[in-house]
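User: Please examine the protein shown below and discuss how its parts are arranged.

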Amino acid sequence: MTSDISHPSATLAAFAANLRFEDIPAPVLRRAEDLLLDCLASILAGAASRPVLAIDRYAALMGPADGPSEILINRRRTSPVFAAMVNAAAAHVVEQDDVHNGSVFHPAAVVFPPVLAVAQALGRCGRDALVAAVAGYEVGIRVGEFLGRSHYKIFHTTGTAGTLAAAAATGRLLGLSPAAMLDAFGSAGTQAAGLWEFLRDAADSKQLHTARAAANGIAAAYLAREGFTGARHILEGPQGMAAGMSSDADPARLTDRLGTRWALAETSFKFHASCRHTHPAADALQQVLREHGLAEGDIARVVAHVHQGAIDVLGPVVDPRTVHQSKFSMGTVLGLIARQGRAGLPEFDAALDDPAVADFRGRVTMELDPEVDAAYPQRWIGKVTVHTRDGRVLHGRVDEPKGDPGNTLSRDEIEAKTLSLGRYADAATEAELRGLIGAIWNLERADKLGALLP
């Protein structure tokens, strides 16, 4: 083990194992609370989703009928693994959960479900939950950055790096030693999976990615507590994750300014209910519409100037066949912006069979833009060119989409989003949601993390 201490995987594991509440700056803790509430709202909004309900039925069939951990979408209690599975699936389905730009990773969906489920099972306090969440974010984001752009082209980073994030968060709650945390990383990494091919078929796999990342991360940490060993070089070893999943991996990203750079605070909220790759162009189109007083009928065509990652993910979605797949269609998203002024959950529900939205979708193209691509993934610049029916050519540009750290959501806006998402699938009453909001804003003072929706 001594020879591993200078190794980046071991350094990252030691950081996660040794992180203390006192180490974390107050603004980072407040942002963790913001992100937790945002995640809980996304979970509730996914309560009626068909793929989520399928995973919930699987959990009911395979897991215990009672337990210490809460499935938020139906208040059922079960074991930590199955509660985290269902909550993680629900967190990611309506496309309103957070995203970290540089790693192209959605941390909340794979960090908070394990944290809540395990903290409830262990009777941990609010401070412990916050520390575990920060550990999960810092590990997952750095693993995503380490794996690089080549990884994201084929692999859904939230499923792969997310397994390590879930293991780190769970391991911190379990009080794993640095050596045991490294074993947990090894077991998590060897289970890490998630391929983008599902998107071509409008398949349900994206929800399985987050569900399994959460469950496998929990398993990896609990096994490490029992002395189960894992590969100590699972990330950058000659037959590790980078070797099999990346061609541009950078081990330095794993330990980048640990303890001084708080990657959690870099995480963005989602404003539109769609794939984050659509947001920059959506904001840029909103700018053009607002500044020039345009309506949908004034627009002949729109060119979205994008990075290669957007083309890789959104390009295969030409004729969306489900509401979820339509959230990965640049034309659909821009059509909703042009027609409705927003791209929220109700707008997507109504758009799938709307011939007017389909017509606008046919007027949208994506083009690779060298400036946008060079800035990605650290910055997600939005640029559009709008050709009007009367012959004008108009340009829109947004350097920080709504929700990014420099253009973030206020707590009032997060509360409004929570109330909207929480009522979307009738998963909670307004009174319950306001109680949930109060509980999260006071999480640091909670002596024991019990049911959030009793």
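User: What distance separates the centres of domain 1 and domain 2?

Analyst: This is a predicted model, in which local features need pLDDT of at least 70, side-chain atom pairs count only at pLDDT 80 or more, and totals for chains, interfaces and linings use all residues. Residues are numbered from 1 along each chain as its sequence is written, and side-chain values use heavy atoms, with hydrogens and water left out. The assignment, automatic or from a database, gives domain 1 as 8-270 + 417-445 and domain 2 as 276-398. Taken over C-alpha atoms, their centres are separated by 30 Å.

User: How much area do domain 1 and domain 2 bury between them?

Analyst: Contact here means heavy atoms within 4.5 Å; 25 residues of domain 1 touch 23 residues of domain 2 in this sense. Buried area is the accessible area (1.4 Å probe) that two parts lose on being put together, summed over both. Of the area buried between domain 1 and domain 2, 58% is on carbon and sulfur atoms, and the total is about 2,100 Å².

User: How many salt bridges does the rule find across the interface of domain 1 and domain 2?

Analyst: The rule requires a side-chain nitrogen of Lys or Arg within 4 Å of a carboxyl oxygen of Asp or Glu. Across the interface of domain 1 and domain 2, the number found is 2.

User: Which residue does the side chain of D312 meet in a salt bridge?

Analyst: The N to O distance of this pair is 3.0 Å. The partner of D312 is K153.
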